[in-house]
Amino acid sequence: MKSTRSLLLSLRLDLSWPKSQSRRLPPILRSSPCRRLTTSPQRSAIAAPEIDFNTNNPLANAQSARVVPASPSYFTGSPQFTDNLISLQYLLRKYQTLPTVPPGQAPRVAWRTLSQYRLFVGEPVRASKYHQLIQILKRLNQIHPSFISPDLRDTMQIYKRDLNPHDVQRRPTVIDEHGRAVGVGRRKSSRAKVYLVHGEGEVLVNGKNINSVFGRIHDRESALWALKATGRIDKYNVWALVAGGGTTGQAEALTLGTAKALIVHEPALKPALRRAGCVTRDPRRVERKKAGKLKARKMPAWVKR
């Protein structure tokens with residue numbers, strides 16, 4: 001104990017200045033600087049408290065120089081999201097060797113939407129960043145239920161919505177009293193509403209003949225591809241309303257709408273339509289133009305001078 005006290009005393013600075021040099025010092029340091037810093041109530045909030053050498057442990061009540069954040073992600077733009085992502089990546093590395101089930105046989109889970117997650121963490125999380133979080137959660141959800149540990153189950157429960165996905169049932173599409181089945185299709189910014197009824201193969205788009213609406217042969221074939229792939233081109237009449245986008249987007253939206261309406265009439269054709277690529281919605285869109293570029297990715301020609 002004596003050695004510690006002598007060491008602390010030896011580290012104290014000698015602030016006794018000669019009178020010739022005291023005139024060159026700032027006014028705050030000209031007279032007893034140690035006494036002013038330790039006794040003034042204003043300086044007590046800035047400087048460390050005075051050490052009491054009479055106690056057995058003079059460093060027991062010493063305070064830290066700064067407050068250390070609880071998480072290293074405190075200095076990032078979204079610390080809560082970063083902590084969540086790091087914890088899920090750690091769980092994925094820990095349990096990635098466990099047996100999994102096929103994606104179609106994994107338990108159905110309703111994850112939080114992007115807006116719900118933003119309210120949950122209170123941070124402006126980007127959609128691409130949240131997509132990374134969802135991909136890890138889907139991979140963890142594929143682990144066999146008998147091998148899921150309690151900590152993994154509790155962590156995944158945080159990102160689930162408070163509803164049972166099996167209770168949410170899609171409203172079935174039925175044939176109305178006129179024998180029509182309705183299907184809605186979308187592609188890019190185009191949308192199409194298709195009415196399909198038994199007939200001789202007549203096609204009207206916005207009240208006009210399909211040849212006058214779609215000038216290209218490729219667009220006409222794409223619009224009726226669902227009927228051609230299943231051999232029903234001369235068994236149904238098509239009456240469609242299309243809007244938005246261009247001719248290519250409207251034709252592909254018409255393909256999806258026709259396939260949905262055809263499934264209502266004949267549900268057994270769904271595997272054949274899926275193999276033909278008529279059931280899946282195409283999510284691709286035109287990439288936005290960026291500042292400083294001619295288009296989405298095209299850069300202007302580089303000129304040396």
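Which residues lie nearest the centre of the second largest pocket? They are Arg 170, Thr 173, Lys 260, Ile 263 and Val 264, out of 14 lining residues. This is a predicted model: local features need pLDDT of at least 70, side-chain atom pairs count only at pLDDT 80 or more, and totals for chains, interfaces and linings use all residues. Residues are numbered from 1 along each chain as its sequence is written, and side-chain values use heavy atoms, with hydrogens and water left out.

**Overall picture**
- The protein has 13 helices and five strands. Both are DSSP runs numbered from the N terminus: helices are H or I with at least four residues, strands are E with at least two.
- Of its 305 residues, 28% count as buried. Buried means under 20% relative accessible area, exposed means over 50%, and partly exposed lies in between (1.4 Å probe, protein chains only).
- Among contacts (heavy atoms within 4.5 Å) between residues at least 6 apart in sequence, 67% join residues at least 24 apart.

**Confidence**
- The average pLDDT, the predictor's confidence in each residue from 0 to 100, is 83 for the protein, and 77% of the residues score at least 70.
- Residues 7-17 fall below 50, and this stretch has six contacts beyond near neighbours in sequence.
- Residues 31-39 also stay under 50, with eleven contacts beyond four places in sequence.
- Where pLDDT is low, the predicted coordinates should not be read in detail.

**Second largest pocket**
- Its volume is about 500 Å³.
- A pocket is an open set of points on a 1 Å grid over the protein atoms alone, where a 1.4 Å probe fits, with protein on both sides within 12 Å along at least five of seven lines; lining residues have an atom within 4 Å of a point.
- Points are joined across faces, edges and corners, and the volume is the space filled by probe spheres set on them.
- β1 (181-187), α12 (247-265) and α13 (270-275) each give two or more residues to the lining.
- The lining divides into six nonpolar, three polar and five charged residues. Here Ala, Val, Leu, Ile, Met, Phe, Trp, Tyr, Cys and Pro count as nonpolar, Asp, Glu, Lys and Arg as charged, and the others, Gly among them, as polar.

**Nonpolar cores**
- A nonpolar core is a set of buried Ala, Val, Leu, Ile, Met, Phe, Trp, Tyr and Cys residues joined through side-chain atoms within 4.5 Å.
- The largest core has 28 residues, and Val 205, Ile 210, Phe 214, Leu 254, Leu 262 and Leu 273 touch the most other members.
- α12 gives the most to this core, with eight residues.
- A second, separate core of 20 residues includes Trp 111, Ile 134, Ile 143 and Leu 152.
- Beyond four places in sequence, Phe 214 touches residues including Val 205, Asp 219, Arg 220 and Leu 254.

**Helix residues**
- Phe 120 lies in α6 (residues 114-121). It counts as partly exposed because its relative accessibility is 40%.
- Phe 120 touches Arg 112 and Ile 158, not counting residues up to four places away in sequence.
- Gln 157 lies in α8 (residues 150-158) and is partly exposed at 44%.

**Positive phi in loops**
- Most residues other than glycine have a negative phi.
- Lys 188, in the loop between β1 and β2, has a phi near 55°.
- Asn 206, in the loop between β3 and β4 (208-209), has a positive phi of about 55°.
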